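Morning, everyone. Please have a look at the sequence and the model before I start.

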Amino acid sequence: MRADQALCEPTQEALLTQWPASQDLWVFGYASLIWRPEFEVLEQHLTKVQGWHRALKMWSRLNRGTPECPGLVFALLSGGSCQGMVFRTPAADVKQTIEKLWFREMPNSVYTPRWLQCPTPQGPVNALAFTLPRKSPSFTGDLSPSQYRHIFQHAKGRYGTTLDYAQETLNSLQQHGIQDKALAALLEHAKD
């Protein structure tokens with residue numbers, strides 16, 4: 001992939017119709033994709049993207065909450081950096097992988113998919129990532145400790161609770177040697 005393609009926001013349709021049949025797809029995971037990728041992985045590496053950070057600041061009214069009691073999921077927000085995992089999935093499975101990713105990550109077309117450069121031991125790769133603009137109605141803005149506490153205690157959606165999702169993400173990050181002090185501090189609110 002050319003470097004200038006990293007600036008284009010990919011659509012599902014474009015990826016499905018234009019992806020070269022012989023080219024593997026790289027995907028950047030920063031939360032549940034790390035512990036539940038749901039696609040074949042040929043190789044994976046710890047990586048760090050620049051210009052984006054992981055934040056539990058996206059409303060979830062389906063996967064981790066309901067319209068009546070919204071939960072939270074992670075998003076990549078602009079600014080800072082984010083340690084995560086980059087996964088290579090085989091060219092033969094790209095169509096299936098993209099369809100699974102869109103079903104899982106884009107049920108309400110909330111994220112903005114984009115290409116992010118991820119360092120690997122063999123050099124940088126452009127990986128598909130799901131980011132969130134702050135202007136999105138799904139962006140929570142700043143939440144108070146009591147708001148996080150309430151969400152951790154009550155929000156539950158089709159994939160389970162916000163608390164379980166946040167705790168599983170922290171556990172998985174720690175297993176890979178990734179420290180996320182902000183997430184650890186947020187989870188302290190669940191204990192109050």
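**Surface, fold and cysteines**

The chain exposes about 9,400 Å². Carbon and sulfur atoms supply 51% of that area. Keep in mind that this is a predicted model.

Now burial. Of the chain's 192 residues, 50% count as buried.

On to charge. There are 19 positive side chains and 17 negative ones. The centres of the two sets lie 4 Å apart.

Next, the fold. How many helices and strands does the chain have? The secondary structure comes to 6 helices and 7 strands. Along the sequence, the order reads α-β-α-β-β-α-β-β-α-β-β-α-α.

What about contacts across the sequence? Take contacts between residues at least 6 apart in sequence. Of these, 75% join residues at least 24 apart.

Overall dimensions, then. The C-alpha trace spans about 50 × 30 × 30 Å along its principal axes. The radius of gyration is 16 Å. A compact globule of 192 residues would have a value near 16 Å, so the chain agrees with that expectation.

Last topic, the cysteines. How many disulfides does the structure hold? The count is 0. Take Cys118, which is in no disulfide. Its nearest cysteine sulfur belongs to Cys82, 9.4 Å away. A disulfide here needs the two sulfur atoms within 2.5 Å. And is Cys118 buried or exposed? Cys118 counts as buried, because its relative accessibility is 0%.

That's my tour. Over to you.

Methods
Residues are numbered from 1 along each chain as its sequence is written. This is a predicted model: local features need pLDDT of at least 70, side-chain atom pairs count only at pLDDT 80 or more; totals for chains, interfaces and linings use all residues. Side-chain values use heavy atoms; hydrogens and water are left out. Helices (H or I, at least four residues) and strands (E, at least two) are DSSP runs, numbered from the N terminus. The radius of gyration is taken over C-alpha atoms; the globule rule is 2.2 Å times the number of residues to the power 0.38. Buried means under 20% relative accessible area, exposed over 50%, partly exposed in between (1.4 Å probe, protein chains only). Contact means heavy atoms within 4.5 Å. Accessible areas come from the Shrake-Rupley method with a 1.4 Å probe; for residues, only the protein chains shown count as cover. Lys and Arg count as positive and Asp and Glu as negative; His and the chain ends are not counted. The place of a charge is taken as NZ of Lys, CZ of Arg, CG of Asp or CD of Glu.
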